[in-house]
Amino acid sequence: MAISKNISTLMKNSSWIRAMFEEGEKLKKKHGAENIYDFSLGNPITEPPEALKEELIRVASSDAKGMHRYMTNSGYDDVREEIAQYQSEITGLPFTKDHIVMTVGAAGGLNVVFKSILDPGDEVIVPCPFFVEFMFYIGNHNGVIKLVDTKDDFHLDIDKIKAAINKKTKAILINSPHNPTGVVYNEAELLELIALLQERNQKGQRIYIVVDEAYKKIIYNGTKLPILPNMYDDTVAVTCHSKDLGLAGERIGYIAMSPRIRNVRSLIDATIFANRILGFINAPAIMQRVVAKFQRSSVDIMEYQKKRDAIYNILVESGFEVVKPAGAFYIFPKSPIPDDIKFVKTMLQHHILTVPGVGFGKPGYFRIAYCVTMDVIEKSRPYFKEVGESLRNGQQ
Ligand SMILES: Cc1ncc(COP(=O)(O)O)c(C=O)c1O
């Protein structure tokens, strides 16, 4: 075989999200894109802020020499300084440019972090359901993903996490606001988690909290997002602008390593080296310069909140059991029948594209990505009702 057995197996089981997206493309060709309600992919239709586009034009048309050359693997100094200042503002901690490494999106950032901290066989605890790419990001660096079920409301099950921690545990990966559930972990549950980790710390085992902040700014009704670096010293935050600034295709993000991490310099050096040897070399040059000034900006979050409310109401009135999301742009209702794949296929017949829960390690549920137009959400309303009613009447 021309490709490795390993990659061939991974590809076969790779992603329900992609599989549904591709299914949708076929249906769109057959019935016309306007007749397919595609909630499969977290690919926001929201455009970046106008001011950002203007800044992009300004930066791209600069005549300054050296704009397009290699740079230090961590990224431009002035960009990292701006970001460090922003991180200091939100955390109150003394971030400097040294604590920031610019990356190729959050995906690049997570790969760099795991490359830097994992030895073969080291375990990373991931609350489940989970964003399935995490499995690859950890596996890429010979780590072992340890999935731990969350509670019925998708909040952390501290007892289960306690039972999952062992000598091999190197990190816990926290994604909040969360894909696929939209849950935002609260301070109380994070403090309980931290108490567990502190116990281990006292016995000489360092466990990192790696926090994936891809949806950090997409948060509703004033929900408070606890500031993890203030709560736990060994916190590494991975951020991107794919979602909050609508720049998913531009591949820009960063790692912020808390100044309180013990021997933080060695972690910084490791991440810079990993950024290089993973072949990223550095994050995209123009985008670094552009996003530096937009740390305090985002796309219109109220638009997402309105969409969250609309889809939540549609689901509730159609008889679905669902937890109301506090952030991100996903909702994760219970499938009305235990077989979520069968259910998603039924939805397909009604031209609604969603992703089965099994694709997030949680069969019996399905994910809706509502980063689509309000029109798509509203037009899908009768179809959700139809499926809901027919299932209640036992017709499916
Ligand atoms: C939880 C989570 N982390 C990371 C990523 C990847 O982000 P990026 O496109 O910035 O690499 C995504 C993308 O959907 C995501 O949902």
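P129 is located in the loop that connects β3 (123-128) to α6, where helices (H or I, at least four residues) and strands (E, at least two) are DSSP runs numbered from the N terminus. The peptide bond that leads from C128 into P129 is cis, with omega near 10°. The structure is a predicted model, in which local features need pLDDT of at least 70, side-chain atom pairs count only at pLDDT 80 or more, and totals for chains, interfaces and linings use all residues. Residues are numbered from 1 along each chain as its sequence is written, and side-chain values use heavy atoms, with hydrogens and water left out.

A cis peptide bond also joins N179 and P180, with omega at about 20°. P180 belongs to the loop between β5 (169-175) and α8 (187-202). Positive phi angles are found at residues that are not glycine: N142 has a phi of about 65°, and N221 has a phi of about 50°. N142 is placed in the loop between α6 and β4 (144-149), whereas N221 is placed in the loop between β6 (208-212) and α9.

An N or O atom in the side chain of Y215 is 2.6 Å from an oxygen atom of the ligand, and an N or O atom in the side chain of R251 is 2.7 Å from a ligand oxygen atom. A backbone N or O atom of A106 lies 2.9 Å from an oxygen atom of the ligand. Taken alone, the ligand exposes 390 Å², of which the protein buries 91%, with accessible areas computed by the Shrake-Rupley method with a 1.4 Å probe.

The ligand sits in the largest pocket, meaning that more than half of its atoms lie within 2 Å of the grid points of that pocket. On a 1 Å grid over the protein atoms alone, a pocket is an open set of points with protein on both sides within 12 Å along at least five of seven lines, a cavity is a set of points where a 1.4 Å probe fits but cannot get out, and lining residues have an atom within 4 Å of a point. The largest pocket has a volume of about 640 Å³, a volume being the space filled by probe spheres set on the points, which are joined across faces, edges and corners. Of its 26 lining residues, G42, F131, E133, Y137 and K243 are the closest to the centre. The largest share of this lining, four residues, comes from α5.

Three cavities of 30 Å³ or more are counted. The largest cavity has a volume of about 140 Å³, and its lining comprises twelve nonpolar, three polar and two charged residues. Helix α4 (77-91) gives the most to this lining, with three residues. The second largest cavity has a volume of about 50 Å³.

Technical notes. Polar contact = N/O pair within 3.5 Å; in protein donor to acceptor, adjacent residues only side chain to side chain. Nonpolar A, V, L, I, M, F, W, Y, C, P; charged D, E, K, R; others polar.
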